[in-house]
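Student: Please take me through this structure, and for each term that you apply, tell me what makes it apply.

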Amino acid sequence: MVLFLFLSFFLDLAKLLFGLLVNVASARFPGIGRKKMKGVRYSLLVLFLTFYLPSVFALSLGELELKSNLDEPLKAEIPLTQTLRLSPEDILIALASTEDFSRFDKERLVILTDLKFKVRENSSGGLYLQVTSTQPIKEPLFNLVIEVVWPSGKMLSEHTVFLDPPIFD
């Protein structure tokens with residue numbers, strides 16, 4: 001839903017800028033025929049889409065996958081998709097601020113301050129976010145809001161974490 005609204009906003013912006021460029025071109029070159037003007041419009045649209053739309057699809061986070069249980073240090077991975085040739089060094093990850101947690105109507109627990117975030121590359125060249133803690137997590141259910149910053153954008157991502165107790169055979 002958010003992606004749809006985001007795309008809708010950018011398409012409306014594209015239409016507005018495209019119309020403005022066409023009006024400027026028509027006023028500046030009144031001798032251009034109708035057929036040539038269609039070619040100019042098409043070229044301007046292609047140029048706009050080439051430079052502005054890639055930033056819309058710049059980065060997104062997948063589902064959190066747990067690798068640990070309750071009463072163990074947290075180990076989790078979140079795939080990063082649509083990274084558009086970003087390297088792990090280009091992406092900065094941090095626990096969101098208390099204000100950002102409030103925007104999601106979530107509580108920022110003290111145990112979350114122990115979390116460490118690291119962007120890693122998997123064997124197939126894709127990027128993922130590794131989330132770890134040094135202390136065992138005793139809370140079975142909590143929300144995690146992550147701030148992600150990269151050269152062309154910034155976003156907040158919210159994840160609900162359910163930690164199961166370990167199973168003993």
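Student: How do the residues of the lining of the second largest pocket divide?
Tutor: That lining divides into 7 nonpolar, 4 polar and 2 charged residues, where Ala, Val, Leu, Ile, Met, Phe, Trp, Tyr, Cys and Pro count as nonpolar, Asp, Glu, Lys and Arg as charged, and the others, Gly among them, as polar. The model is a predicted one, in which local features need pLDDT of at least 70 and side-chain atom pairs count only at pLDDT 80 or more, while totals for chains, interfaces and linings use all residues. Residues are numbered from 1 along each chain as its sequence is written, and side-chain values use heavy atoms, with hydrogens and water left out.

Student: What is the volume of the second largest pocket, and which residues are the closest to its centre?
Tutor: The volume is about 230 Å³, and of the 13 residues in the lining, Gly 62, Glu 63, Ser 157, Glu 158 and His 159 are the closest to the centre. A pocket is an open set of points on a 1 Å grid over the protein atoms alone, where a 1.4 Å probe fits and protein lies on both sides within 12 Å along at least five of seven lines, and a lining residue has an atom within 4 Å of a point. Strand β8 (residues 153–162) gives the largest share of this lining, 7 residues.

Student: How many helices and strands make up the secondary structure of the protein?
Tutor: There are 3 helices and 8 strands, taken as DSSP runs numbered from the N terminus, with at least four residues (H or I) for a helix and at least two (E) for a strand. From the N terminus on, the elements run α-α-β-β-β-β-α-β-β-β-β.

Student: Why is Ser 157 counted as buried?
Tutor: Ser 157, which lies in strand β8, has a relative accessibility of 9%. Buried means under 20% relative accessible area, exposed over 50%, and partly exposed in between, with a 1.4 Å probe and protein chains only, so Ser 157 counts as buried. Of the 169 residues of the protein, 30% count as buried.

Student: What joins the side chains of Ser 157 and His 159?
Tutor: They are joined by a polar contact of 2.9 Å, the term being used for a pair of N or O atoms within 3.5 Å, of which, within protein, one must be able to donate a hydrogen and the other to accept it, while residues adjacent in sequence count only if both atoms are side-chain atoms. Leaving aside neighbours within four places in sequence, Ser 157 is in contact with Leu 61, Leu 144, Val 145 and Ile 146, where contact means heavy atoms within 4.5 Å.

Student: Why is Leu 95 called buried?
Tutor: Its relative accessible area is 15%, and therefore Leu 95 is buried. Leu 95 has its place in strand β4 (residues 92–95), and its contacts beyond four places in sequence include Phe 101, Leu 112, Phe 117 and Leu 144.

Student: Why does Ala 94 count as partly exposed?
Tutor: Ala 94 is also found in strand β4, and because its relative accessibility is 29%, it counts as partly exposed. Its C-alpha atom is separated by 5.3 Å from that of Glu 147, 53 residues apart along the chain, and Ala 94 touches Glu 147 as well as Phe 117, Val 145 and Ile 146, not counting residues up to four places away.

Student: Where does Glu 147 lie, and which side chain does a polar contact of 3.1 Å join to that of Glu 147?
Tutor: Glu 147 lies in strand β7 (residues 141–150), and the polar contact joins its side chain to that of Lys 154.

Student: Why does Lys 67 count as partly exposed?
Tutor: Lys 67, in the loop between β2 (65–66) and β3 (73–81), has a relative accessibility of 44% and therefore counts as partly exposed. A polar contact of 3.0 Å joins its side chain to that of Glu 65.

Student: What makes phi of Asp 105 a value to point out?
Tutor: Phi of Asp 105 is near 60°, a positive value in a residue other than glycine. Most residues other than glycine have a negative phi. Asp 105 sits in the loop between α3 (98–103) and β5 (116–121), and because its relative accessible area is 70%, Asp 105 is exposed.

Technical notes: Grid points are joined across faces, edges and corners, and a volume is the space filled by probe spheres set on the points.
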